[in-house]
Amino acid sequence: MTLSSVLLVLLQVCSLQLMVAAMPKCQLQGDLVMSTHHLLRDLGEEFPVHCRVLNTNISFPDSAFPAKTTNHPQCRQALWVVYESLREAGQIFGDHELPVGEGGVTWDNAKLEDFQNLQFRLLEEGSCLSRVSGSGVLSSYFSNVTAVLQQQESAACGWMALRRDLLRVLATGLQKHCTCFTWRDGHKCRDHAQ
Ligand SMILES: *[C@@H]1O[C@H](CO)[C@@H](O)[C@H](O)[C@H]1NC(C)=O
Ligand SMILES: *[C@@H]1O[C@H](CO)[C@@H](O)[C@H](O)[C@H]1NC(C)=O
């Protein structure tokens, strides 16, 4: 081998290592997801009874979650449901105004802001999850939510339903698929027999 071909090989090895180092880790921190859940839970009242009429339009497809997460691909699927729900919800928050005033949404603004900051952090952290090809039921669900939000009479209930369902997604992910998340030391995942 000539010196230049040795150098070429070395160069390739180096750039490969750089690529590996630059690749985002495909994970979500459970502790952050839990804080996100708690902020969302604490920012307002529970889901109002009068909004239940919209349950036929907005009902989260639980089948989006894998039944079991005993292996890596199933875990990625479960994390994807959490990531994708946060991403779609973020999109909705970006594109639509919360209805305020009479009959509007009265959420704690400071908590809402903290929630959104964590939401963006999680979206950054889990950005590689966007490459998982998940089921189409989620996007169908979110277009239903958007349709309800866009009508003035149903907008407030639509937001409440979005919050209710997002809470359930985060809670389900954390409980049933706890081991799929990364955790700071000391967190114990309870065994959910599946
Ligand atoms: C969307 O809404 C329609 C009725 O408006 C309903 O039949 C369908 O199941 C909904 N899809 C999802 C995923 O919620
Ligand atoms: C709920 O779904 C029904 C049936 O698809 C539709 O006629 C109605 O307009 C929807 N309601 C809202 C508020 O989007």
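A crossing of two helices is left-handed if the near helix is turned anticlockwise from the far one by less than a right angle, and right-handed if clockwise. By that rule, α3 and α5 cross in a right-handed sense.

## Model and confidence

This is a predicted model, in which local features need pLDDT of at least 70 and side-chain atom pairs count only at pLDDT 80 or more, while totals for chains, interfaces and linings use all residues. Residues are numbered from 1 along each chain as its sequence is written, and chains are lettered from A and ligands numbered from 1 in the order in which they are written.

The average pLDDT (the predictor's confidence in each residue, from 0 to 100) is 88 for the chain, and 86% of the residues score at least 70. Helices are DSSP runs of H or I with at least four residues, numbered from the N terminus. Where pLDDT is low, predicted coordinates should not be read in detail.

## Packing of α3 and α5

Helix α3 (residues 72-95) packs with helix α5 (residues 137-149) at about 25 degrees, the axes being 11 Å apart. Axes are lines fitted to C-alpha atoms over the stretch in contact, and angles run from 0 to 180 degrees between N-to-C directions. The two helices are therefore roughly parallel (an angle under 35 degrees).

## Ligand 2

Asn 57, Ala 147, Val 148, Gln 151 and Ser 154 surround ligand 2, each with its C-beta atom, placed from the backbone, within 6 Å.

Methods: Parallel < 35°, antiparallel > 145°, perpendicular 65-115°, else oblique.
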